[in-house]
Amino acid sequence: MSIDIPQDALVVLIGPAGSGKSTFAREHFRSTEVVSSDACRALVADDENAQDATADAFALLHFIVRRRLRAGRLTVVDATNVKPQSRAVLLTIARRQRRPAVAVVLNLPEAVYRSRNGSRADRSVPADSVSFQRDLLVRSLPLLDKEGFAGVHVLDSEQTVAAASVRRTPGSELGSDPGQGPAIQTSLPLG
Ligand code: GDP
Ligand code: MG
């Protein structure tokens, strides 16, 4: 599958822990294009696993995403994004910056998440929370088309993920700096 991504787009990775989001991001995008919730947790709390720092981590993540999109820079969000509300915040930021948002969904069998999470060195993810995330993802699948994404790409096997390629397409006419926008953009309670 070839995934077309406008060069000023917001790419929203969607998948439970262990679905391969960080790996996919590393393979297809520059490291500076990827904004990860784990990295933001580390920046605000010195710990990628600090769940109690979630609010601050996402405030930082949303701030970075907004500034990058404002400058017309391709931005990839590496977070589970399995909750409709998590995606809605990102879609709102993209819409306000007049940038397209593209969803890339890593929808693999639960056994794959389990075995990968079981063997990962960077953290242990409880099986319960992975099942919960997978449930949220499965329930999200029929909603994605109506949420406002310019494209929705669902990768549903390890083979499809391995064969996926990303093709960058020209961005919007806005160019690299659409202006600062109204002052209200920095005072909205989005993070
Ligand atoms: P994330 O939690 O969604 O960010 O998942 P990661 O990208 O960190 O991947 C979790 C584990 O699965 C890591 O140990 C990866 O090396 C492994 N992994 C990720 N993608 C693939 C893949 O396409 N194939 C295989 N075999 N392993 C993968
Ligand atoms: Mg990850």
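Around ligand 1 sit Pro16, Ala17, Gly18, Ser19, Gly20, Lys21, Ser22, Thr23, Arg116, Arg120 and Glu158, each with a heavy atom within 4 Å of the ligand. This is a predicted model, where local features need pLDDT of at least 70, side-chain atom pairs count only at pLDDT 80 or more, and totals for chains, interfaces and linings use all residues. Residues are numbered from 1 along each chain as written, chains are lettered from A and ligands numbered from 1 in written order, and side-chain values use heavy atoms, leaving out hydrogens and water.

The shell splits into 2 nonpolar, 5 polar and 4 charged residues, with Gly counted as polar and Ala and Pro as nonpolar. Helix 1 (residues 21-28) gives the largest share, 3 residues; helices here are DSSP runs of H or I, at least four residues, and strands are runs of E, at least two.

Polar contacts are pairs of N or O atoms within 3.5 Å. The side chain of Lys21 has an N or O atom 2.7 Å from an oxygen atom of ligand 1, and for the side chain of Arg120 the distance to a ligand oxygen atom is 3.1 Å. Taken alone, ligand 1 exposes 580 Å², and the protein buries 67% of that (Shrake-Rupley method, 1.4 Å probe).

Next comes strand 4 (residues 75-78), with Thr75 and Val77 pointing one way, Val76 and Asp78 the other, and all buried, meaning under 20% relative accessible area (1.4 Å probe, protein chains only). Strand 2 (residues 10-14) runs parallel to strand 4, joined by 3 bridges; pairing takes at least two DSSP bridges. Val77 stands opposite Val12 and is also the bridge partner of Val35.

Terms used
Buried < 20%, exposed > 50% of the residue type's maximum accessible area, 1.4 Å probe, protein only. Polar contact = N/O pair within 3.5 Å; in protein donor to acceptor, adjacent residues only side chain to side chain.
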